[in-house]
Amino acid sequence: MERKSYLTLILLLFLFVIQRNSAAQNQNKIFYDCYTTSNMAPWKETMEQMARDLDPDNYDQLFEVTLAWYGYIGYCLGNNKKSEARDYLKSGWKFLEKLSQHPQAGAAPRALKSGFYGFEMALSKYKAIYLGPKSMSALQEAAAIDSTDIHYHIEKGNQMYYLPTLLGGDKEVAIYHYKKAIELMEAGNRYHQQHWFYLNSLITLGYSCEVTGHIDEARAIYQKIHFLEAHFKWFNEEVWPDFVKKYGAN
């Protein structure tokens, strides 16, 4: 290959990578804005566009689409939109299965599978009898691959938080895993401070500390959230006022 042609090819590849990274950053910005303003319509539009543009052989694209579905299903369940959650869970499983079968798949897809089983159980409590063990098995697979994975720690925390004590649940252990996930996020660069998943994990940790009586720690986490995102609508209108009413701001 001639030097000029080679340099042209390198430049085109470089521009492609820049363009792809720019698109991903824009998508994350949309999701973050939706999460902090409680306006989820652009989230749904964006993730559906991502699905239409998806290259099924591209692991990173598959992962981001699956994570977007994960976040939107969680929003639906948290806002009593069960019918919509059920519809998106059905389509979300298709992306997750493709992600899990990808040659690059590691611990994270297995951990997300545990989370999807959790969504199924939230929609139909009776399914816990047979989906509970499947959720645990998926987490065990994730841990066997990489017990330092962020999504493993988040889903392990969720499992320990919601599992009844008689079946091994332990909210203190859940807090340990949430903290570990956040430490890993802050030490890495995938989930930066203006990523919805990072902010959501802080909310989860703060609430878990509040529920378990670690009030000073919960307050410190909530104050951190306010410092990171002063215009966080749901937090400012519900989470923080409810906490201050019960325990005070200082």
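Biologist: How many helices and strands does the secondary structure of the protein come to?

Modeller: Helices (H or I, at least four residues) and strands (E, at least two) are DSSP runs, numbered from the N terminus. In this predicted model, the protein has eleven helices and zero strands. The radius of gyration, taken over C-alpha atoms, is compared with a globule rule of 2.2 Å times the number of residues to the power 0.38. Here the radius is 20 Å, close to the 18 Å that the rule gives for 250 residues, so the protein is as compact as a globular protein of that length. Along the principal axes, its C-alpha trace spans about 70 × 40 × 35 Å.

Biologist: What is the mean pLDDT of the protein?

Modeller: pLDDT is the predictor's confidence in each residue, from 0 to 100. The mean is 91, and 90% of the residues reach 70 or more. Over residues 9-22 the pLDDT is below 50, and beyond near neighbours in sequence this stretch has three contacts in the model (heavy atoms within 4.5 Å). Where pLDDT is low, the predicted coordinates should not be read in detail.

Biologist: Which percentage of the residues count as buried?

Modeller: Buried means under 20% relative accessible area, exposed over 50%, partly exposed in between (1.4 Å probe, protein chains only). Of the 250 residues, 44% count as buried.

Biologist: What share of contacts between residues at least 6 apart in sequence join residues at least 24 apart?

Modeller: In this protein the share is 60%.

Biologist: Which conventions apply?

Modeller: Residues are numbered from 1 along each chain as its sequence is written, and side-chain values use heavy atoms, without hydrogens and water. Local features need pLDDT of at least 70, side-chain atom pairs count only at pLDDT 80 or more, and totals for chains, interfaces and linings use all residues.
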